[in-house]
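Subject: Structure handover

Hello,

Here is the structure I promised to pass on. Please open it alongside this message.

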Amino acid sequence: MEENKVSLTALISAYARAYHAMHDSPKIFNDFLAYHLFTDEEFTNMGRNLAEALKFFDPELATSCPDQESALAWVMRTQSTPITLSRARYTEDSLETAVKQGVQQYVILGAGMDTFAFRRPNMLRQLQVFEVDHPATQALKRHRLSGLGWEYPAQLHFVPVDFTKESLVTALKRSSYDPHRLSFFSWLGVTYYLTRDVVFNTLRSLADIAPAGSTIIFDYLDTDAFVPERAAKRVQRMQEIVRRAGEPMKTGFDPSTLAADLATIGLHLRENLGPSDIEARYFQGRTDGYHAFEHVHFAWAVVA
């Protein structure tokens, strides 16, 4: 990410959560606070721009789509929103399980416009929450929170970090993060945009700074997503649109070797959900167009 540039993908993810909370039922993930992090003008403009994206995703359908509302609904339900919703649901469901097993710290890497600390006050009795993100994106979020007048919970800690200048471990060490307490790390929507070496170096640093039994949840694309003759069309289009936005996707992983790869850096792969698993768990029986995304996987790793 460029210095002082707010992450566009973070804003789109927040918009997707807000749209789903406002328009869809039943909820896959109910982020009923996400809408408030936008100004009315921003929310309207983003909806308009996303509806216009239908011309890129499906030009033929765009010519027959009757209005902006219909176009936006199609884009929301068939493009990247299902990834955003299902990985958030998977993470927070897993977090609830981990808290029952003694986890006391929740570290959200690439937090963006995450609302957990305000949306789940019942869980803050047991958790310290650390939001780690690029300084520009985090500054925008804090500005919005101040404008809303929302009081920061005492358990919420902001950790700005520019990875071109500082390591994650260094950033956490200058915060109130306690390396001796069981921790839960979520790393969503980020691995796609990094090199393989950076991903594994980051995971290794988490394994080093957290005690045994700590959890890391992350999502990833499989290697087929980067092979044109194997990649699903909507994944190819998703890659193209973020490339045009200046945030190109770079890396995929082989699900069949991930367990062995993680073992070399001190992590045990507890669960590795593929698209069919995600479809069965979060989308089965829906008739509104939401389905699991091809090539997207969710990994649950534990510090050995």
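Below is what turned up, from the whole chain down to single residues.

Please keep in mind that this is a predicted model.

**Overall fold**

The chain has 13 helices and seven strands. Its radius of gyration is 19 Å, close to the 19 Å that the globule rule gives for 304 residues, so the chain is as compact as a globular protein of that length. The C-alpha trace spans about 60 × 45 × 40 Å along its principal axes.

Of the 304 residues, 53% count as buried. I also looked at contacts between residues at least 6 apart in sequence. Among these, 74% join residues at least 24 apart.

**Surface and charge**

The chain exposes about 13800 Å². Carbon and sulfur atoms supply 50% of that area. There are 31 positive and 37 negative side chains. The centres of the two sets lie 2 Å apart.

**Nonpolar cores**

In soluble globular proteins, nonpolar side chains tend to be buried together. Here the largest nonpolar core has 69 residues. Those with the most contacts inside it are Tyr15, Leu95, Tyr106, Phe116 and Leu127. Helix H6, residues 81-100, gives the most to this core, with seven residues.

Leu95 is worth a click. Leaving aside neighbours within four places in sequence, Leu95 is in contact with Tyr106, Phe116, Met123, Leu127 and Phe184.

Another core lies apart from the largest one. This other core has 32 residues, among them Leu168, Phe200, Ala301 and Val303.

Ile108 sits in strand S1. Is Ile108 buried or exposed? With a relative accessible area of 4%, Ile108 is buried, because the cut-off is under 20%. Setting aside neighbours within four places in sequence, Ile108 is in contact with Asp114, Val129, Phe130, Glu131, Val132 and Ser186. Ser186 is 78 residues from Ile108 along the chain, yet their C-alpha atoms are separated by 5.1 Å.

Gly110 is found in the loop between strand S1 (105-109) and helix H7 (116-119). Gly110 has a relative accessible area of 38% and is therefore partly exposed. Beyond its neighbours within four places in sequence, Gly110 is in contact with Val132 and Asp133. Gly110 and Glu131 are 21 residues apart in sequence and 7.5 Å apart in space, C-alpha to C-alpha.

**Backbone points to check by eye**

Which residues does a cis peptide bond join? They are Ser25 and Pro26, with omega at about 0 degrees. Pro26 is in the loop between helix H1 (8-23) and helix H2 (40-52).

His295 has a positive phi, near 75 degrees, and is a residue other than glycine. His295 lies in the loop between helix H13 (275-283) and strand S7 (296-303).

**One more residue**

Thr137 is in helix H8, residues 135-148. Thr137 is buried, with a relative accessible area of 0%. Thr137 and Ile241 are 104 residues apart in sequence. In space they are 20 Å apart, C-alpha to C-alpha.

Best wishes

Note on methods:
Residues numbered from 1 in each chain as written. Predicted model: local features only at pLDDT ≥ 70, side-chain atom pairs only at ≥ 80, totals over all residues. Heavy atoms only, no water. Helix = DSSP H or I, 4+ residues; strand = E, 2+ residues; numbered from the N terminus. Rg over C-alpha atoms; globule rule 2.2 N^0.38 Å. Buried < 20%, exposed > 50% of the residue type's maximum accessible area, 1.4 Å probe, protein only. Contact = heavy atoms within 4.5 Å. Areas by Shrake-Rupley, 256 points an atom, 1.4 Å probe, with all protein chains shown as cover. Lys, Arg positive; Asp, Glu negative; His and termini not counted. Charge placed at Lys NZ, Arg CZ, Asp CG, Glu CD. Core = buried A, V, L, I, M, F, W, Y, C linked by side-chain atoms within 4.5 Å.
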